[in-house]
Amino acid sequence: NPKSQICLIQDIDEQKRMHEALVKSEKEKAILLSHLPGMVYRCSYDSKWTTLYVSSGCHELTGYHPDQIIMNKAISYKDLIAKEYVGTLSQEWRRSLDERIPFRCEYEITPAGGGRKWVMEMGRGIYEPDGKVSALEGIVVDISDRKAKDARIQYLNDHDITTGVYNRRFFEMVKHRLDEECSVPLSIIIGDINGVRIINDAFGQLEGDKMIVTASRILQSCLRDGDILARTGGNEFSILLPNTGGEEAYSIMKSMVEAFKEYNSSATNRARHITLSFGYGTKEMSHENMDLAKKEAEKNMYKRKLLARNSYHNAILSSIMATLHEKNQET
């Protein structure tokens, strides 16, 4: 049994104060990071971007708790990134680190609940004294609401509100682009609804709008993938047909005429029949101007409209008169 002990007593007040200050600082930092929108992270610069730290915002953003993400315990954050963006992100990170500039990118992730979520990531590299990258750190923020608003604004910029098809601004933009790219043969079909003004005067503008909406749906059903339909005037629709020659454009135009005939055959009231006057033009050679093809389409359309004018006017007026006679003979 020992009869004596040798002890070393050392003053560790300073160490204790430093430790307490460090713990306090870490708590304050954790509280601060928890109040930031999104997820703050620090990860290794390896093939999996192994997560070393994530803030508590991780759960709201990804649907996973921080301890499931840290050290890729349950899943790595990289596996949540939609596959089509992974290559671009890797390339952008390399460029950012090579040039020593901040990283910033928008992409989609697939959170635990399913679906997709748009996020914006901002980060930077952490470097060793010898210049080697030791880690990456930054913040990932949910921008799904902003993306949805941007998409809505873009939709309204590009589409006609009444029919939902493209508007004249978008049509002219695509026409100009295809013309510049020399996409030949390139055809255009122009169709104008007959008798909308009479329908507006007789039954009100709401009925005229219904006719326009129905016409747009019938036209849409006749299009192929890649064709562009736009409402370019009050009663006028224009259709761009890339890689389509004159004969094929004529065939498509005839199919549209037949589609309206089929629709009219099921409408008992002749005043509700919808007919369009069509014309088409084609840019066959790359050096030709697309505006010439458009003028040719307009000329053909107006010719057909003049030829059919009396026919559809008389049909609509007869139907309106018959309807009025049925309701009130005096009127």
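The legends below walk through several close-up views of one predicted model.

In this predicted model, local features need pLDDT of at least 70, side-chain atom pairs count only at pLDDT 80 or more, and totals for chains, interfaces and linings use all residues. Residues are numbered from 1 along each chain as its sequence is written, and side-chain values use heavy atoms, with hydrogens and water left out.

View 1. In the pair shown, the closest N and O atoms of Glu137 and Arg124 are 2.6 Å apart. Helices (H or I, at least four residues) and strands (E, at least two) are DSSP runs, numbered from the N terminus. Glu137 is partly exposed at 21% relative accessibility, and Arg124 is partly exposed at 45%. For these labels, buried means under 20% relative accessible area, exposed over 50%, and partly exposed in between (1.4 Å probe, protein chains only).

**View 2. Arg169 meets Asp158 in a salt bridge.** The closest N and O atoms lie 2.3 Å apart. This pair links distant parts of the chain, with Arg169 in helix α7 (residues 168–180) and Asp158 in helix α6 (residues 144–158), eleven residues apart. Arg169 is partly exposed, at 43% relative accessibility, whereas Asp158 is buried, at 9%.

**View 3. Lys261 and Glu258 pair within helix α10.** Their side chains form a salt bridge at 3.8 Å, N to O. The two residues are three apart in α10 (residues 246–265), so about one helical turn separates them. Glu258 is partly exposed, with a relative accessible area of 43%.

**View 4. Strand β3 runs antiparallel to β4.** Five of the seven residues of β3 (residues 103–109) are buried. The pairing with β4 extends over seven bridges, where two strands pair if DSSP finds at least two bridges between them. Look for Glu108, which stands opposite Trp118 in β4. Glu106 joins Arg146, Lys147 and Asp150 in a network of salt bridges.

**View 5. Trp49 and Asn243 are loop residues with positive phi.** Trp49, which is not a glycine, has phi near 50° and sits in the loop between β1 (39–43) and β2 (51–54). Asn243 is also not a glycine, and its phi is about 55°; its place is the loop between β9 (236–242) and α10. Trp49 is buried at 10% relative accessibility, while Asn243 is exposed at 56%.

**View 6. Helices α9 and α10 pack at an angle of about 130°.** The axes of α9 (residues 205–221) and α10 are 9 Å apart; axes are lines fitted to C-alpha atoms, for helices over the stretch in contact, and angles run from 0 to 180 degrees between N-to-C directions. That angle makes α9 oblique to α10, given that under 35 degrees counts as roughly parallel, over 145 as roughly antiparallel, 65 to 115 as roughly perpendicular and the rest as oblique. Thr214, Ala215, Ile218 and Leu219 of α9 make the contact with Met256, Ala259, Phe260 and Tyr263 of α10, contact meaning heavy atoms within 4.5 Å.

Conventions
Salt bridge = Lys/Arg side-chain N within 4 Å of Asp/Glu carboxyl O.
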